[in-house]
Amino acid sequence: ITSVATSLGALSASSSAVQMARDDQPTEAYTVSDAEAVGACASLLDDHRVLVEPACGAALALAYSPRQREALRRFETVVVVVCGGG
């Protein structure tokens with residue numbers, strides 16, 4: 001993996017994660033840049049005083065990056081899970 005979000009480079013997904021993506025919730029994939037992921041980490045730190053790794057920033061980038069934000073406009077409610085893998 002060439003991204004700063006190295007923990008996103010899993011070789012496979014757990015069966016429970018795949019099952020949830022298939023059955024429980026609508027799931028869409030987006031690609032964000034390293035700069036957007038790291039920028040989202042900085043924004044979360046500024047807004048909430050919580051420091052997260054770039055892999056988490058990749059999810060947050062859809063909310064924080066002006067280029068990506070359009071992907072969320074059609075939803076009434078958006079939940080971003082902020083967690084660590086460590």
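Predicted model: local features only at pLDDT ≥ 70, side-chain atom pairs only at ≥ 80, totals over all residues.

Mentor: Residues are numbered from 1 along each chain as its sequence is written, and side-chain values use heavy atoms, with hydrogens and water left out.

Trainee: How many salt bridges does the structure hold?
Mentor: Side chains of opposite charge can pair when their charged atoms come close. The rule here asks for a side-chain nitrogen of Lys or Arg within 4 Å of a carboxyl oxygen of Asp or Glu. By that rule, the salt bridges number 3.

Trainee: Which residue forms a salt bridge with E28?
Mentor: E28 sits in the loop between α1 and α2, and its partner is in the segment after α3, 46 residues apart; helices here are DSSP runs (H or I, at least four residues), numbered from the N terminus. The closest N and O atoms of the pair are 2.3 Å apart. The partner of E28 is R74.

Trainee: Is E36 buried or exposed?
Mentor: E36 pairs with R67, with 2.8 Å between the closest N and O atoms. R67 is exposed because its relative accessible area is 58%; the classes are buried under 20%, exposed over 50% and partly exposed in between (1.4 Å probe, protein chains only). E36 has 12% relative accessibility, so E36 counts as buried.

Trainee: Which residue does R73 form a salt bridge with?
Mentor: In this pair, both residues are exposed. The closest N and O atoms are 2.8 Å apart. R73 pairs with E70.

Trainee: How many disulfides are there?
Mentor: A disulfide needs a pair of cysteine sulfur atoms within 2.5 Å. C41, found in helix α2, has its nearest cysteine sulfur, that of C56, 6.6 Å away. C41 is buried because its relative accessible area is 8%, and C56 counts as buried because its value is 6%. The disulfide count comes to 0.

Trainee: Which helix gives the most to the lining of the largest pocket?
Mentor: A pocket is an open set of points on a 1 Å grid over the protein atoms alone, where a 1.4 Å probe fits, with protein on both sides within 12 Å along at least five of seven lines; lining residues have an atom within 4 Å of a point. The largest one is lined by 40 residues, and T27, E28, A59, L62 and V81 lie nearest its centre. α1 (15-24), α2 (34-48) and α3 each supply at least two lining residues. With 5 residues, the top contributor is α3.

Trainee: What is the area of the nonpolar surface patch that includes V80?
Mentor: V80 lies in the segment after α3 (54-64) and counts as partly exposed because its relative accessibility is 31%. Nonpolar patches join side chains (Val, Leu, Ile, Met, Phe, Trp, Tyr) within 5 Å, using residues with over 30% relative accessible area and no salt bridge. Here V50, F75, V78, V80 and V82 make a patch of about 340 Å².

Key:
Patch = residues over 30% accessible without salt bridge, like charges linked within 9 Å, V, L, I, M, F, W, Y side chains within 5 Å. Areas by Shrake-Rupley, 256 points an atom, 1.4 Å probe, with all protein chains shown as cover.
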